[in-house]
Amino acid sequence: MSQGPRSGLAAVSSALLAMSRHLEVRDVLKTIVASARELLDAQYAALGVPDDHGGFAQFVVDGVTDAQWKAIGPLPRQHGILAAMLQEEKAERLADVRTDPRFGGWPSAHPDMSDFLGLPIRDGDETIGALFLANKRCARPEGGCGFTEEDEELLSILAQHAAIALTNARLYERSRELTIAEERSRLAHELHDAVSQKLFSLRLTAQAAAALVDRDPSRAKGELQQVAALAAEATEELRAAVVELRPAALDEDGLLATLRTQIQVLDRAHDARVTFAAGGFRALPAAQEEALLRVAQEALHNALRHSGAEHVDVTVNRRGGGAVLRVTDDGGGFDPHLTRRAGRHLGLVSMRDRASGVGGTLTVESAPGKGTTIEMEVPGG
């Protein structure tokens, strides 16, 4: 803040915008810590999210190299100054943390710290984190702390917004978990139906073969061959179920591989032909890839469950620095305007929300008897 009110306000604004830009909890934590360290011109910053066992579920630092962090060792426990911030729910501003009676030392590889400013991050009555800074980059008054009351007020403002950003990120991740669970449940139902049909056919064919063994061995042989074919198909469906019901592989495999796997499963599970093609695509930010995946899944669900389509084609292609997803079917189509007025959105509202949530756009082209094309474009990172 020493640069003047205008530059100080701009710095706070930049920090708050940076925190609100991320949806993943880990990204939010990193941004809070980096913003706090830069805003208050400290050498070190850290943020700990407490667990229920006297330690920290997550602990993010800024100003410490990866090699230093690895050498420091396990995550800290909730003791000393950290415990005070979490339990007493007040700010701590110290001239030298090492002389405080609550100081319990630190690992040998830990960087040396002196002046200290920390405070809890609160969401209502719950303490959801502890944010602290060390080693203010300034001339310290004799025997005093480099951090000022103004710094404390500024960090308090940052912590309040950090609580909002962190809570929103947690809600987003929880929503995503529920969406994944719902999607897995839906796919399990579809695969169950497909496998059940195969097994029912296999049972009837086996009964027919048994009835023909004595009076028409040649026909019985043909029926047994059909039994073998149906058993092979059922095995493939079960294998697909095992693969598909694993945890979502988007983070590990990327958008294209995840989509390709799911579309192969849907192609086997439905009478309609489902195809996938991609061209010139490059990796996008995680939030955008997830939004593209969820929109593709919703559009595929509509096409396979409601449209009566014989063919459904999914493509993902590069467009500028981003990408465009298209899901096209040759089904019965609908009037988007009438559907909206009737209150039957076929998931269009959620798809538009997903698109706009990552800076993208969604367009729907459809008419009765003309099939449907859903296109989502995202600008890239």
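User: Which helices and strands each supply at least two residues of the lining of the largest pocket?

Analyst: In this predicted model, β1 (42-50), β2 (56-62), α3 (66-72) and α4 (80-88) each contribute at least two residues to the lining of the largest pocket. The volume of the largest pocket is about 530 Å³. Its lining comprises 27 residues, and Pro76, Leu82, Gly105, Trp106 and His110 are the closest to the centre.

User: How do the residues of this lining divide into nonpolar, polar and charged?

Analyst: The lining of the largest pocket holds 20 nonpolar, 5 polar and 2 charged residues.

User: Why does Ser366 count as buried?

Analyst: Buried requires a relative accessible area under 20%. Ser366 has 17% relative accessibility and therefore counts as buried. Ser366 belongs to strand β9 (residues 361-366).

User: Which residues have the most contacts inside the largest nonpolar core?

Analyst: Within this core of 36 residues, they are Leu259, Leu300, Val312, Leu325, Leu362 and Met376. Helix α8 gives the largest share of this core, 9 residues. Beyond its neighbours within four places in sequence, Leu300 is in contact with Ile263, Leu266, Val274, Val312, Val314 and Val327. A second, separate core has 29 residues, including Val49, Leu119, Phe147 and Leu166.

Terms used. Residues are numbered from 1 along each chain as its sequence is written. This is a predicted model: local features need pLDDT of at least 70, side-chain atom pairs count only at pLDDT 80 or more; totals for chains, interfaces and linings use all residues. Side-chain values use heavy atoms; hydrogens and water are left out. Helices (H or I, at least four residues) and strands (E, at least two) are DSSP runs, numbered from the N terminus. Buried means under 20% relative accessible area, exposed over 50%, partly exposed in between (1.4 Å probe, protein chains only). On a 1 Å grid over the protein atoms alone, a cavity is a set of points where a 1.4 Å probe fits but cannot get out, and a pocket is an open set with protein on both sides within 12 Å along at least five of seven lines; lining residues have an atom within 4 Å of a point. Grid points are joined across faces, edges and corners, and a volume is the space filled by probe spheres set on the points. Ala, Val, Leu, Ile, Met, Phe, Trp, Tyr, Cys and Pro count as nonpolar, Asp, Glu, Lys and Arg as charged, and the others, Gly among them, as polar. A nonpolar core is a set of buried Ala, Val, Leu, Ile, Met, Phe, Trp, Tyr and Cys residues joined through side-chain atoms within 4.5 Å. Contact means heavy atoms within 4.5 Å.
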